[in-house]
Amino acid sequence: MHLKHPLKRVLAVTIMATLLPLSALAQSYPSKPIKMIVPFPAGGTTDIVARLVAQKMSESMGQAVTVDNRGGAGGNIGADLLAKSPADGYTIMMHNLSFPLAAVAQGLANRLPFNVDTDFAGVSIAIYVPFIWTASPSVPAKDLRELATLLKNNPNLQYNYGSTGPGSTMHVLGEAYKKDANVNMTHIPFKGAAPLKQEMLAGRLQVGGDQLSSSLAELKAGTLKALATTASKRIAGLPDIPTVKELGFPNLELEGWNGVFAPAKTPKDIIDRLNKEVVAAVRHPDVAKRLADLGAEAVGSSPAAQDAILRKQMDQFRGTIREMKID
């Protein structure tokens, strides 16, 4: 009997010592600058949203939140960097709907350097923003259905479509469209939406696509044309853009989003703090207005909702990616 009480005290002290570092870490967080990885070059939707959110987080957290652009491999280079970062809340990532598709594509090809199921923790869906198929004004088709007719009637027409990398959203959708429409186009990968758009504006690339914010100004100016949106309904501010489902391509329907992730095993207290900051940032009146001007809807979801949309879209397109051997 005399041994039980001392043993209990030793056990309690041991448990407290084990938990103390995480508790102290969370209570003092943040005590140094935070890096937000953007797995695409500057200038695209993900980069724009990340910089808006990072600025507000810097103001409210009392520490600089800096954006680190790491483009390539449909966003998987930046994602791999996050997966291998310490789980302390000082390295986070803003990604988009390319994440589930590129992860599935490279995973099926045995080229994925991380495990989507175990290496990441969702923080918050920051925004919803439609994905838009775009084309150079020189393309004589007003939508995806007319593009299919054009390519079928002119088999010698050499059209290229661009994406933000192997397995990215536009790569997967482009190959699915070729199959469903029974047409041919050559895939040209880029490191991000900004260089892809420049090639389209220069007339060297016929077809492409990205989230609306990246090309809204050009669409309004008429220097790019919209062929379709992958959203489930037409865009309020651009009601003339048809949905892929309306045009006869229901398999291309895909909701667009941008969201924040942290490394797996990041303490819950820190995830909760990051979630609070991201939600406050995107819902700030100034940021929400700026996002609306870019065609995006401020969200600010729970961590669970961010995890859920990632896995839902992986499941949605896994069969298509496997069938077409997209990698």
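# Legends to the close-up views

**View 1. Ala73 in its loop.** Ala73 is partly exposed, with a relative accessible area of 26%; this class lies between buried (under 20%) and exposed (over 50%), for a 1.4 Å probe and with protein chains only. The residue sits in the loop between β2 and α3, where helices (H or I, at least four residues) and strands (E, at least two) are DSSP runs numbered from the N terminus. Ala73 is not a glycine, yet its phi is positive, near 60°. The model is a predicted one, in which local features need pLDDT of at least 70, side-chain atom pairs count only at pLDDT 80 or more, and totals for chains, interfaces and linings use all residues. Residues are numbered from 1 along each chain as its sequence is written, and side-chain values use heavy atoms, with hydrogens and water left out.

**View 2. The open sheet of 6 strands.** The strand order is β2-β1-β3-β10-β4-β11, and the pairing is mixed. Two strands count as paired if DSSP finds at least two bridges between them. The edge positions belong to β2 (65-69) and β11 (297-298); each has a single partner strand, so one side of each has no neighbour in the sheet. Helix α2 (residues 45-61) packs on this sheet and touches β1 (34-38), β2, β3, β4 (120-128) and β10, contact meaning heavy atoms within 4.5 Å. The direction of α2 makes about 160° with that of β2. Such angles run from 0 to 180 degrees between N-to-C directions, with axes fitted as lines to C-alpha atoms, for helices over the stretch in contact. Helix α12 (residues 303-324) lies across β4 and β10 and runs at about 90° to β4.

**View 3. The unit formed by β1, α2 and β2.** These three elements make a right-handed β-α-β unit; right-handed means that, with the strands pointing away from the viewer, the path from the first strand over the helix to the second runs clockwise. Strands β1 and β2 are parallel and are joined by 5 bridges. Met36 has Val67 of β2 as its bridge partner.

**View 4. Strand β10 and its two partner strands.** Of the 7 residues of β10, 7 are buried, so the strand is largely enclosed by the rest of the structure. With β3 (residues 91-96), β10 (residues 257-263) pairs in the antiparallel sense over 4 bridges. His95 is bridged to Gly259 of β10, and Met93 to Phe261. Strand β4 is also antiparallel to β10, and 7 bridges join them. The bridge partner of Tyr128 in β10 is Trp257.

**View 5. Helices α3 and α4.** Helix α3 (residues 76-83) is mostly covered, with 6 of its 8 residues buried. These are Asn76, Gly78, Ala79, Asp80, Leu82 and Ala83. The buried residues of α3 pack against β1, β3, α4, α5, β4 and β10. In helix α4 (residues 98-108), 9 of the 11 residues are buried, so this helix is largely enclosed by the rest of the structure. Among the buried residues of α4 are Phe99, Leu101 and Val104. Asn110 follows α4 and has a positive phi, near 60°.

**View 6. The surroundings of Asp119.** Asp119 belongs to helix α5 (residues 116-119). Its relative accessible area is 22%, which makes Asp119 partly exposed. Apart from neighbours within four places in sequence, Asp119 is in contact with Ala83, Phe114, Ala262, Pro263 and Ala264. Leu108 is 11 residues from Asp119 along the chain, and their C-alpha atoms are separated by 17 Å.

**View 7. Two further loop residues, Pro30 and Lys265.** Pro30 is found in the loop between α1 (4-28) and β1. The peptide bond from Tyr29 to Pro30 is cis, with omega near -5°. Lys265 lies in the loop between β10 and α10 (268-283). Although Lys265 is not a glycine, its phi is positive, at about 75°. Lys265 is exposed, with a relative accessible area of 80%.

**View 8. The whole protein, for orientation.** The protein has 12 helices and 11 strands. The C-alpha trace spans about 90 × 40 × 30 Å along its principal axes. Buried residues make up 54% of the 327 residues. Of the contacts with a separation of 6 or more, 77% are between residues 24 or more positions apart.
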